[in-house]
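Here is a quick tour of one model, written for someone who likes to see the cut-offs. Have a look at the structure below before reading on.

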Amino acid sequence: MAKKLFEELQKTLDEPVIVIFASAKIGLWKDEVDLSHVAATHFYLNHKHHSMKKIRKRLQDPIFSQEITTGIKQKQIKQLDIAQIKQLQPQSMELEVISHVVIKYVDDKAAWFFRLCTNCKNEVVHETRNYICKLCKRIIPHPEKRFRVSIVAADSTGGMEF
Ligand SMILES: [Zn+2]
């Protein structure tokens, strides 16, 4: 779906592009909106629906546009090399960085996903045939799944496991 959406967004479309996702699973992940698609998910770009005409008309109102855009967080993401990443302190645990590296090795023996608590998004553990969130102290019957691929990567300053 991401590939198809990307292709569709390359086409010439009226700006701003208004996207409707139908049957998608919307949640929050690290204070950002997270969109997971389910089997029945569809997307519509600049759909010809009367409600879209209303939204587009409202977007022409500068006050309405400003209210929407000021609500969007502009996150500054630093670019660090591996030596700089290795020097980060524990309080930087959730810092997001960009790094240009060469992937040396993909661990294909490790699981390619992990399970998350649907409430707190912490990783759950599998105990006595149940998934348990240690933070929420409860059984999570249907935890969410997230991709996690273990790799070893390097740049000119060194290498490390991600
Ligand atoms: Zn939890």
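## Ground rules

This is a predicted model, where local features need pLDDT of at least 70, side-chain atom pairs count only at pLDDT 80 or more, and totals for chains, interfaces and linings use all residues. Numbering runs from 1 along each chain as its sequence is written, and side-chain values use heavy atoms, with hydrogens and water left out.

Cys-120 sits in the loop between β6 (113–116) and β7 (125–127), and Cys-136, 16 residues apart from it, in the loop between β8 (130–133) and β9 (138–139). Strands are DSSP runs of E with at least two residues, numbered from the N terminus.

For reference, the ideal angle for four tetrahedral donors is 109.5 degrees.

How do the cysteines sit relative to the surface? Cys-117 is buried at 0% relative accessible area, while Cys-120 is partly exposed at 30%, and so is Cys-136 at 22%. Buried means under 20% relative accessible area, exposed over 50%, and partly exposed in between (1.4 Å probe, protein chains only).

## Salt bridges

How many salt bridges does the structure hold? There are seven, each being a side-chain nitrogen of Lys or Arg within 4 Å of a carboxyl oxygen of Asp or Glu. One of them pairs Arg-148 with Glu-123, with closest N and O atoms 3.0 Å apart. Arg-148 lies in the loop between β10 (144–147) and β11 (151–155) and Glu-123 in the loop between β6 and β7, so this pair ties together parts 25 residues apart in sequence.

Glu-127 and Lys-134 also meet, at 2.9 Å from N to O. Shared partners join Asp-34, Lys-121, Glu-144 and Arg-146 into one network.

## A nonpolar patch

Ile-103, Val-106, Trp-112, Phe-147 and Val-149 make up a nonpolar surface patch of about 570 Å². Patch members have over 30% relative accessible area and no salt bridge, with like charges joined within 9 Å and nonpolar side chains (Val, Leu, Ile, Met, Phe, Trp, Tyr) within 5 Å. Areas come from the Shrake-Rupley method with a 1.4 Å probe, and for residues only the protein chains shown count as cover. Ile-103 belongs to strand β5 (residues 102–106) and is exposed, at 52%.

How values were computed: Helix = DSSP H or I, 4+ residues; strand = E, 2+ residues; numbered from the N terminus.
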